[in-house]
Amino acid sequence: MTQDSPIQDYNRIMIKVSGEALMGDRGYGLNPATVAQVADQIKEVHDLGIEICVVIGGGNIFRGIAGSAQGMERTTADYMGMLATVMNALAMQSALEGLNINTRVISAIRMDEVAEPYIRRRAVRHLEKKRVCIFAAGTGNPYFTTDTAATLRASEMACDALFKGTQVDGIYDSDPKTNPDAKRYSRVSYDEVLHKNLKVMDASAIALARDNALPIVVFSLDTEGGVAAILKGQGKHTVVEP
């Protein structure tokens, strides 16, 4: 159940990072050191010659569901959350370009002064030229999470896998933060994730990945080497697959 095995070679991947992961030890906003750390991990993958897509959440700045729960109209709250993801995407673009990696921010909501509009064929061409593509503003529609947006874009870009960065090194049968005896899965099926309500991603994202046979690799952003280590068969992770 807990034994890891090397995963297959991937040519193009999607990396999903939560907005909260960019806060570091702060309670709100961006921690430049944490942004730089994630950028370093992306660079390690880029140096392996792998084409990279990125989706970053906006929960460190604004979360639509939270705003809605406080009485704000849900559609408006979700659009505010989408704009927060653009801010995070621009911060990550700056960090990556500081590492001499050509990066494009591609927004589902048109804002031509700061990002490119989403055009699938153009995005694919960027990837073929080894540019990192950061997809911002979710799907451009309310009521969809950035997990669903990452799964959708990964499917559209024909990614070989979606790497979901979390605070733990995989999927456990219970919360490892509160249960020291929690067991980590090495591999698990989409249906098992849904049936056991394992809280990896929202149900619509899991179902979309299942329908498109898109593997989901769950790992810890705090683990040294991150995605690059997993691609080399070294890092701890859980693979969600058919």
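**Touring the cavities**

By class, the residues lining the largest cavity come to 8 nonpolar and 1 polar, with no charged ones. Keep in mind as you click around that this is a predicted model.

To see that lining for yourself, select Ile15, Val17, Val38, Gln41, Ile42, Val45, Phe219, Leu221 and Val227. Now colour by secondary structure: strand 1 (12–17) and helix 1 (32–46) are the elements that each give two or more residues to this lining. Which element gives the most? Click on helix 1, which puts in 4 residues. The space these residues line is about 40 Å³.

How many cavities of 30 Å³ or more does a search of the whole structure find? There are 2, so let's go to the other one.

For the second largest cavity, clear your selection and pick Phe219, Ser220, Thr223, Gly226, Ile230, Gly235 and Lys236. Here, strand 8 (216–220) and helix 8 (226–231) are the elements giving two or more residues to the lining. About 30 Å³ of space lies inside.

One last stop: leave Phe219 selected on its own. Phe219 is in the lining of the largest cavity, and Phe219 also lines the second largest cavity.

How values were computed:
Residues are numbered from 1 along each chain as its sequence is written. This is a predicted model: local features need pLDDT of at least 70, side-chain atom pairs count only at pLDDT 80 or more; totals for chains, interfaces and linings use all residues. Side-chain values use heavy atoms; hydrogens and water are left out. On a 1 Å grid over the protein atoms alone, a cavity is a set of points where a 1.4 Å probe fits but cannot get out, and a pocket is an open set with protein on both sides within 12 Å along at least five of seven lines; lining residues have an atom within 4 Å of a point. Grid points are joined across faces, edges and corners, and a volume is the space filled by probe spheres set on the points. Ala, Val, Leu, Ile, Met, Phe, Trp, Tyr, Cys and Pro count as nonpolar, Asp, Glu, Lys and Arg as charged, and the others, Gly among them, as polar.
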